[in-house]
Amino acid sequence: MNIIVPVKQVPDLVEELEINEDGTDLDRDYLSYKLNEFDEHALEEALLLKEEHGGTVTVIAFEGEDTDKALYTAIAKGADRAVKITNDLPPGTPNHVLAKALASVLSGMEYDLILTGVQAADDRDGQLGVLLANYLDVPHVSVVSGVAPNNGAVTVQKEYAGGVMAEFEVDLPAVLGVQAARQTPRYAPVSRVRQVMRQAEIEEVEASDTEAEVGSSIRRMFKPEKGAGAQMLEGSPEEIAEQIIKILQEKGIKK
Amino acid sequence: MASNKLSIDPDQIIEKEHVVQEGMDISGQWNRMFEQRVIWDYNTEMLDKVTALEGGESLGYCYQCGQCVPVCPVNLVGDYGPRKIFRRVQLGEDLFQSPLLWQCTTCMNCLRVCPKEVDMIQIMPAVRQEAVLQGYVPEELQQAFENTFDYGNPLGESPKKRAAWTKDAGVPVPIMKEKKKADVLWFVECYPSYHPRGIDASKALARVLNELGVDFGILGVEEKCTCDSQRLAGEIGLFEEFAEQNIKTMKRYKFNKILVTDPHALNALRKEYPKYGGKYEVVHYTTFLAPMLDKLNFTNKLNYKVTFHDPCYLGRHNGEFEAPRQILQALPGVELIEMFRCRENSYCCGGGGGGMWLDGFMADHVSERLSERRVREAVEVGADVLAVCCPYEVSRFEDAVKSTGNEGKLVVRDIIELVVEAMGAN
Amino acid sequence: MSQDVFVVAEHLQGKIDDVTYELLGKARELAGQSGGHVVAVLMGSGIQDQAGSLGAADKVLYMEHAALENFNPESYAKALSHILEQNKPRLTLIPNTSMGMDLAAAVSVKNNLPLVAYATDVQFDNGQVVATSQLYGGKINVESVLEGDSSVVSVLAGSFPADAGKQDGSPAVETVAAPDGLDQTRVRFKNLIQPEGGDVDITQQDILVSVGRGIQSEDNLPMVEELAEALGGALASSRPIVDNKWLPKTRQVGKSGLKVKPKLYFAVGISGAPEHIEGMKDSELIIAINTDPEAPIFEVAHYGVTEDLFDVVPALTEKLKS
């Protein structure tokens with residue numbers, strides 16, 4: 001099975017996010033980027049499928065800050081190919097445009113399965129995988145947490161609320177939005193990443209179509225109002241513990 | 001009944017009609033001898049896997065004398081021991097997948113006493129590196145590795161906040177990017193930059209450096225983890241990655257020596273960085289301050305019974321036992337008392353060699369934490385302050401003071417905190 | 001051009017999900033502004049009776065087809081696309097749920113409609129649709145203007161009160177013919193898998209101690225479990241803990257887990273992604289421990305602690321036990 005995993009760099013939420021002067025975007029000068037964690041799961045699931053059933057895994061990303069590092073890391077984990085889309089699509093480009101660009105690149109590639117992370121922290125205009133599937137006109141299922149090949153199709157589990165899951169059979173090729181891989185995404189030893197950086201090559205392609213109708217624009221970005229918020233408890237751990245117990249007693253939760 | 005008469009395989013008996021040994025004819029019936037017995041008892045496959053690695057060779061030297069048994073800090077509270085490592089591997093245990101592999105803290109006390117120089121400081125990183133490459137790495141440790149790769153520190157804190165502690169240090173802490181040139185480059189390291197108790201010590205050291213008029217600067221956000229403990233835990237690639245970055249950064253500035261707070265950074269910068277082209281004069285802050293004590297004005301009498309825990313990577317690894325003691329003894333009112341295990345035979349806090357990121361894992365393999373045992377030793381000698389000078393130790397020992405129920409009896413202080421306390425209020 | 005506000009009804013195992021009522025309540029308000037009607041879109045097989053529970057709508061468009069008996073990303077998207085093509089409503093609200101995710105982006109492409117996702121609020125402002133999305137792990141709100149005379153907003157569950165949309169009544173039910181070839185799909189529903197029984201039902205617990213990524217390692221779970229025991233409650237968790245298989249799925253609180261309303265929700269090392277908050281924000285008392293003072297969990301918590309959980313949790317357990 002030949003699997004393509006489109007991955008996306010998203011702002012690292014470990015950093016404090018600031019909004020630019022216009023109030024219409026993040027202040028990107030001070031941002032750092034990290035691979036979307038759901039994409040990490042999509043990659044892990046792809047690697048597991050390859051290890052069990054053979055085939056190849058191709059990781060594809062848009063050029064940007066730390067993209068190379070993410071792609072080399074993917075190869076170090078076991079991906080066969082890494083492809084970088086070199087169009088000037090800055091961070092924050094709407095998913096409709098990214099999906100259209102991906103679709104134009106992927107339509108020239110052979111694949112059985114496309115695994116993407118089910119969502120990303122900056123999906124303002126819808127989830128990338130579903131948009132991509134519709135531009136490619138291939139079937140899709142999102143919020144997937146189990147994939148198994150089944151006679152030229154795949155059997156997938158889609159998660160609903162409350163632990164209920166639905167099982168679907170999906171004809172290939174297909175796009176799946178991965179919620180969680182079967183195991184924690186593997187570690188790429190840095191010595192291997194460094195070796196990959198010296199030896200492996202990242203292929204570069206230009207997407208032929210980056211025109212998509214987004215139909216919406218950002219008017220304002222703001223941090224959520226701090227509402228009433230939590231009353232913060234301070235002091236040593238013991239003092240905090242005592243305050244908590246007092247609160248629990250007042251509310252009648254603990255005698 | 002031949003088997004009763006002769007229990008030795010007749011084929012193994014060699015009798016020679018005519019034998020001359022060292023010029024003497026010893027021909028005769030009595031020159032009967034046995035062929036060398038072929039040792040086949042052990043399949044050496046597992047041992048060979050270790051000794052074939054660069055750095056793993058010396059495991060094969062072990063002759064099971066057991067000298068390491070009483071000095072190994074982990075052996076004292078658990079099942080691990082250097083002698084046992086050899087024996088188990090000889091019996092066919094795959095060290096690469098064994099939980100034994102992650103228990104050594106690379107404290108070096110076994111190497112100190114080993115007559116055969118079986119060197120766990122080389123063996124452990126070599127085998128661990130292979131294990132990491134094969135994907136056998138405890139999850140906690142993996143998290144620390146990932147954090148380091150992503151953020152340049154194992155705590156997973158924002159690299160942009162590495163110098164945030166300087167804002168309320170109360171004294172100037174110059175950044176090399178602006179200063180360009182200083183007599184002393186202070187390599188702060190991760191825990192002293194981010195951990196609340198590490199920051200306490202960093203602020204104290206900043207104050208003392210200012211008091212002494214030292215011309216110093218720090219790298220600030222440009223500084224990355226030296227990764228010495230990650231290297232010893234098997235992530236040599238990570239070490240190399242950041243060694244290259246740090247060396248490149250430091251090349252941009254002029255300085256005469258590097259001052260470190262963290263003995264692990266001392267070890268990396270002094271012993272490992274030269275291999276990558278970074279040759280520096282590196283001193284630990286205790287070594288740096290000990291000769292300057294007369295320039296500090298101690299106005300506050302401390303009245304503490306202090307015992308000192310020698311950090312493995314300052315003492316055994318880098319030979320500094322005196323400077324910390326000199327500083328402590330110079331503080332008015334401090335009575336220094338030694339624990340039974342001190343200096344060359346000092347115990348280990350459990351944080352070295354990756355142990356800092358394996359607490360949960362280790363809990364399954366030891367009867368008590370190394371830090372807990374050490375805290376009990378400090379209490380036993382009647383100390384009311386356990387003085388340390390490695391940033392791993394403050395939090396480890398403070399946790400252990402709580403978990404052993406010794407709160408109120410013993411406090412843990414970095415030596416530099418005691419120095420500032422003795423200097424009194426500004 | 002229609003001024004109607006459409007709401008896509010979500011149902012599982014014959015039961016309309018609460019999120020539908022939340023959206024209907026909001027749609028009532030919006031339709032009042034646009035001067036259109038509230039139209040509920042119900043797709044399924046043999047669930048016409050459910051239209052009666054959608055009384056907040058002026059009209060229910062019901063599409064009945066065997067291929068719609070169970071949710072299917074492909075047949076449902078085709079069906080919805082067909083309905084939207086025929087009606088061209090001013091605005092379509094779709095739950096931003098597991099099912100809704102498969103529909104909203106699909107109809108956005110198929111029908112060339114603007115889409116804004118993860119919305120927690122939708123307004124008409126000078127005749128334009130303005131949606132506020134909760135992005136970046138709940139740390140930033142983004143206000144988008146949707147262009148054109150028909151658009152789609154997918155709304156996070158829990159954004160509006162359900163009560164306003166829970167009205168009995170008998171809205172006009174209009175049956176819509178299914179488009180051709182609805183059963184020729186490349187995605188085929190096989191069956192539903194119910195969660196394994198036998199575990200604690202966290203929705204029935206008065207006290208939940210819930211752990212998140214902040215506990216760092218599976219080995220630290222017993223520490224939190226001990227606190228749960230000392231409080232007389234059960235252990236729950238956020239998604240990453242379940243993804244790591246440290247706890248079973250039955251313990252997961254949030255969008256893809258369970259919704260809980262205990263008397264005490266004690267969040268340990270949970271930053272509070274919107275998906276998690278959705279599942280616990282109605283708890284009577286929320287206490288959260290997280291070292292990041294900016295963590296969104298503190299928005300919904302009544303009391304917050306930024307000290308290290310590894311210090312506070314054992315201290316609290318010990319004090320509770322003594």
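Predicted model: local features only at pLDDT ≥ 70, side-chain atom pairs only at ≥ 80, totals over all residues.
Residues are numbered from 1 along each chain as its sequence is written, while chains are lettered from A and ligands numbered from 1 in the order in which they are written.

**The sheet in chain B**

Strand E5 (residues 181-187) and strand E7 (residues 254-260) of chain B run parallel and are joined by six bridges. Strands here are DSSP runs of E with at least two residues, helices are runs of H or I with at least four, and both are numbered from the N terminus. Two strands pair if DSSP finds at least two bridges between them. E5 and E7 belong to an open sheet of four strands in chain B, with the order E6-E5-E7-E8 and parallel pairing. Strand E6 (216-218) and strand E8 (282-284) of chain B each have a single partner strand, so one side of each is left without a neighbour in the sheet. On average, neighbouring strands of this sheet are turned by 35 degrees against each other, direction ignored.

Helix H12 (residues 263-272) of chain B lies across E5, E7 and E8 of that chain, at about 165 degrees to E8(B). Such angles run from 0 to 180 degrees between N-to-C directions, with axes fitted to C-alpha atoms, for helices over the stretch in contact.

**Two packed helices**

Helix H9 (residues 196-211) and helix H17 (residues 391-403) of chain B pack at about 130 degrees, their axes 8 Å apart. That makes H9(B) oblique to H17(B), a word for angles that are not under 35 degrees (roughly parallel), over 145 (roughly antiparallel) or 65 to 115 (roughly perpendicular). The contact (C-beta atoms, placed from the backbone, within 7 Å) involves Arg197(B), Gly198(B) and Ala201(B) of H9(B), and Pro391(B), Val394(B), Ser395(B) and Glu398(B) of H17(B).

**Positive phi in chain C**

Neither residue below is a glycine. A residue is buried if 20 or more other C-beta atoms, placed from the backbone, lie within 10 Å of its own, exposed if 12 or fewer, and partly exposed in between.

| Residue | Phi | C-beta neighbours inside 10 Å | Class |
|---|---|---|---|
| Gln13(C) | about 50 degrees | 9 | exposed |
| Tyr118(C) | near 55 degrees | 28 | buried |

Gln13(C) sits in the loop between strand E2 (11-12) and strand E3 (15-16) of chain C, whereas Tyr118(C) is in strand E7 (residues 115-125) of chain C.

Methods. Contact = placed C-beta atoms within 7 Å.
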